[in-house]
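Trainee: I am new to reading protein structures. Could you walk me through one, step by step?

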Amino acid sequence: MSRGLKTVLIIVGILILLLVIPYSYLKGTYNSLVTMDEGVKGAWAQVENQLQRRYDLIPNLVETVKGFASQEREVFIKVAEARSKVAGAGSIDDKIEANNQLSSALSRLLVVVERYPELKSNTNFIRLQDELAGTENRIAVERRRFNETVRAYNTKIRSFPTNLIAGMFGFEKATFFEVPKERQEAPQVRFD
């Protein structure tokens, strides 16, 4: 093999490496971003499963409480309005906001329950309350998993040089499912 041919082969080899390495990095980074984005969507789907379970329990809970506390009309209206907002929410951000409002309305409903001791001993109510408590625990677990997945994804798309690839392909920051400020304080129970 002649010296000129060796030089050409070395140059071609170097050029191929210079093309293959960036291509491999770009492909690997893009695919990991797609995987993480799908992970965020999957985690959100699990949150939605639990939110739907709670959504389905609410009418039974409200009807049971109504039988004992019919004068608490405003609380029932707030729960119904919040439940409607959940049904009409489209984006993840809208769903998070609507479910936070629903959680707040449910907290007020449970405060009303404290005023009716005979309700707290009703078997249907106890069963529904246990179901709701279990669902709230499941929501908390799924919300934590979702937020962990969002954190990992957001960290990845903001890290250099991945942020360049994320920006180039339109990967956007995901929203955390945070507890609203009013839910961070325990509801006040008063016996008048």
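**Reading the features**

Mentor: Let's begin with a single side chain: glutamate 148 counts as partly exposed, with a relative accessibility of 39%. Keep in mind that this is a predicted model.

Trainee: Why does glutamate 148 count as partly exposed?

Mentor: Buried means under 20% and exposed means over 50%, with partly exposed in between. Glutamate 148 has 39%, so it belongs to the middle class.

Trainee: Which side chain meets glutamate 148 in a salt bridge?

Mentor: The idea is a side-chain nitrogen of Lys or Arg within 4 Å of a carboxyl oxygen of Asp or Glu. Here the partner is arginine 144, at 3.1 Å from N to O. Arginine 144 is itself partly exposed, at 42%. Elsewhere, shared partners link Asp37, Glu38 and Lys41 into one salt-bridge network.

Trainee: Is glutamate 142 buried or exposed?

Mentor: Glutamate 142 is buried, because its relative accessibility is 11%. Its side chain forms a salt bridge with arginine 145 at 3.1 Å, and arginine 145 is partly exposed at 42%.

Trainee: And how do I describe a pair of helices?

Mentor: Two packed helices are described by the angle between their axes and the distance between the axes. For helix 1 and helix 2, the axes come within 11 Å and cross at roughly 170°. Angles over 145 degrees count as roughly antiparallel, so helix 1 and helix 2 are roughly antiparallel to each other. Among the residues that meet are Tyr55 and Ile58 from helix 1, and Phe76 and Val79 from helix 2.

Trainee: What does threonine 64 touch, beyond residues up to four places away in sequence?

Mentor: Threonine 64 touches Leu119, Asn122, Asn124, Phe125 and Leu128. It is found in helix 1 and is buried, with a relative accessible area of 16%.

Trainee: Which residues form a nonpolar patch on the surface?

Mentor: Look for Ile10, Ile11, Ile14, Leu15 and Leu18, which together have about 490 Å² of accessible area. Leucine 18, in helix 1, counts as exposed at 55% relative accessibility.

Definitions and conventions: Residues numbered from 1 in each chain as written. Predicted model: local features only at pLDDT ≥ 70, side-chain atom pairs only at ≥ 80, totals over all residues. Heavy atoms only, no water. Helix = DSSP H or I, 4+ residues; strand = E, 2+ residues; numbered from the N terminus. Buried < 20%, exposed > 50% of the residue type's maximum accessible area, 1.4 Å probe, protein only. Contact = heavy atoms within 4.5 Å. Patch = residues over 30% accessible without salt bridge, like charges linked within 9 Å, V, L, I, M, F, W, Y side chains within 5 Å. Areas by Shrake-Rupley, 256 points an atom, 1.4 Å probe, with all protein chains shown as cover. Axes fitted to C-alpha atoms, helices over the stretch in contact; angles between N-to-C directions. Parallel < 35°, antiparallel > 145°, perpendicular 65-115°, else oblique.
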